[in-house]
Amino acid sequence: MSIPDNNPVLNIAVFALFVAITLYVVYRVSTRNSSTSDYYAAGSAFTGRQNGIALSGDFLSAASFLGIAGAIAIHGYDGFLYSIGFLVAWMVDLLLIAELLRNTGRFTMGDVLSFRMKQRPVRAAAATSTLVISFFYMLAQMAGAGGLVALLLDIHGGIGQALVIGVVGVVMVLYVLVGGMKGTTWVQIIKATILLLTGALITVFLFGKFGFSFSNLLSAAADNSPLGDELLEPGGSYGKSEVTKLDFVSLALALVLGAAALPHVLMRFYTVPNSREARRSVVWATACMTIFYLCTLVIGFGAAALVGPEAIKNAPGGENSAAPLLALNIGGTLLLGIVSAVAFATILAVVAGLTITASASFAHDVYANIFKRGKAEPAAEVRVARLTAVAVGAFAIVGGILANGQNIAFLVALAFAVAASANLSTLLYSLFWKRFNTTGTLWGIYGGLIASLVLVFFSPVMSGSADSIISSVDFHWFPLKNPGLVSIPFSFLCGFVGTFVGRSKADPVKHAEMEVRSLTGIGS
């Protein structure tokens, strides 16, 4: 199915204009990226408001803009549960993580986890976890790029979509190589602002079409959906059986706990000068995302009412095409071009943030502190980070091609589950449990990481159903699509048991230092 009256030239022109402007901004703000502090944390020079808007830009990914709108259009109420989970998740960051993390570390999550542990094994574990989670998250963004391009440029062949995913990957690497964290942050701020304005504009247009009545909009959506009134009720996607109910609980757990453990979100707390600004960042991010997710609710039901679930499913990109198709319906090819450019910008900016996080983790934790034992030259460390960014970009392109066509909100939920399983238990134990030791840290990270990956591999995500990644075979034995319900508690259990099994004792002096530093900021 192709889009009538679609104008690929206009779509490409709008997107190219955004790329040109943002690359210029990145170049202008990144004149001094020689030190590790500049490259990794933008010299901690951003205010809480700026960083909060950038945080929302990091978090409002293709899953938020394309995946959630599509999920609401097709599944109704149950699709909106993604928005609720993403939003509530920030309370964990605000109350438990942001301030303490900012005070304790310098650049990466590995700084916090290794503060009172054995440096080399813990940093290696933290870097492994960061790279795996970043890769999962990148898959979702690059898959979104492929689906969007198929819709906009009417490219149905796999080779054509693969080429465009490659172009997106190359531009994303350019952002990171040229701009470092400072340039990437400004891209996030620009992108978040445009995304919020675009979402609000479409929402106002939709309300105007339905007499500024949300009830009229919901009624039209229900009338145009095969689910009927069930579109507006819980259970359309997750209430059909006991397994789907458990899947919902697992999804909710992963969404709420995953945000507090995402490496690219945690790293952004180091771009502000102190813990007070870190807390302000979370407040601003939450406010921006509240506005946006309310808009996605209207956009999703608006797509169901005006475009229809069948047209969305049959379009190139499937569920992910709901927002662009709606834009075409209410604003013609110009609005479609703008929305598409915003979606592309979303993908580019989020993947750039993930890339700099992954490259920083490898360069800072592995190269500087494991290979060089903390004695690496800053210029050499930044050079390794840039080389790693190129390698990560190549992996993201290949992964995006393989994951093309999957629902991106769902892929992001898997990344959240892996993050909550591998990182959250060890972060909380490190910050709050005096007895926690190196063995517990390693057991918690690797136990949660391995459990989540194994359960995903042997779940219906990989095989056994029509929408599986490998649909032609069936080797699944784990019934849930999201592993969080099992892997997150298992990670906490591994960290707890490992602490008592391990021979290494906790250092009470380092714990006292960490406690004072995390609560007061002295020495940070």
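Is Phe-212 buried or exposed? Phe-212 counts as exposed, because its relative accessibility is 62%, where exposed means over 50% relative accessible area, buried means under 20%, and partly exposed lies in between (1.4 Å probe, protein chains only). Welcome to this predicted model, in which local features need pLDDT of at least 70 and side-chain atom pairs count only at pLDDT 80 or more, while totals for chains, interfaces and linings use all residues. Residues are numbered from 1 along each chain as its sequence is written, and side-chain values use heavy atoms, with hydrogens and water left out.

- Helix 14 covers residues 322-371; helices here are DSSP runs (H or I, at least four residues) numbered from the N terminus.
- Its end C-alpha atoms span only 48 Å, whereas a straight helix of 50 residues would span 74 Å at 1.5 Å a residue; that expected span is 1.5 Å times one less than the number of residues.
- A kink of about 140 degrees is centred on Gly-331 in helix 14, the bend at a residue being the angle between axes fitted to the seven residues ending there and the seven starting there.
- Most of helix 14 is covered, with 42 of its 50 residues buried.
- Just after helix 14 comes Arg-373, with a positive phi of about 55 degrees.

**The cavity**

- Rolling a probe the size of a water molecule over the atoms shows where empty space is left.
- One cavity of 30 Å³ or more turns up in a search of the whole structure; on a 1 Å grid over the protein atoms alone, a cavity is a set of points where a 1.4 Å probe fits but cannot get out, and lining residues have an atom within 4 Å of a point.
- The largest cavity has a volume of about 60 Å³, a volume being the space filled by probe spheres set on the points, with grid points joined across faces, edges and corners.
- Helix 14 gives the most to this lining, with three residues, and helix 6 (109-113), helix 7 (119-153) and helix 11 (263-267) are among those that each supply at least two.
- The residues that line the largest cavity include Phe-107, Met-109, Ala-126, Pro-263, Thr-357 and Asp-365.
- Sorted by class, the lining has five nonpolar, five polar and one charged residues.

**Cysteines**

- The structure has zero disulfides, a disulfide being a pair of cysteine sulfur atoms within 2.5 Å.
- Cys-295 has its closest cysteine sulfur in Cys-288, 12 Å away, so the two are too far apart for a bond.
- Cys-295 is buried at a relative accessible area of 8%, and Cys-494 is buried too, at 12% relative accessibility.

**Residues in loops and in helix 8**

- Phe-212 sits in the loop between helix 8 and helix 9, and has a positive phi of about 55 degrees although it is not a glycine.
- Ser-459 lies in the loop between helix 17 (438-457) and helix 18 (484-501) and counts as buried at 0% relative accessibility.
- From Ser-459 to Phe-478 is 19 residues in sequence and 4.8 Å in space, C-alpha to C-alpha.
- Tyr-238, in the loop between helix 9 (214-223) and helix 10 (242-258), is buried with a relative accessible area of 16%.
- Gly-180 belongs to helix 8 (residues 158-209) and is buried, at 0% relative accessibility.
- Gly-180 and Glu-242 are 62 residues apart in sequence and 47 Å apart in space, C-alpha to C-alpha.

Terms used: On a 1 Å grid over the protein atoms alone, a cavity is a set of points where a 1.4 Å probe fits but cannot get out, and a pocket is an open set with protein on both sides within 12 Å along at least five of seven lines; lining residues have an atom within 4 Å of a point. Ala, Val, Leu, Ile, Met, Phe, Trp, Tyr, Cys and Pro count as nonpolar, Asp, Glu, Lys and Arg as charged, and the others, Gly among them, as polar.
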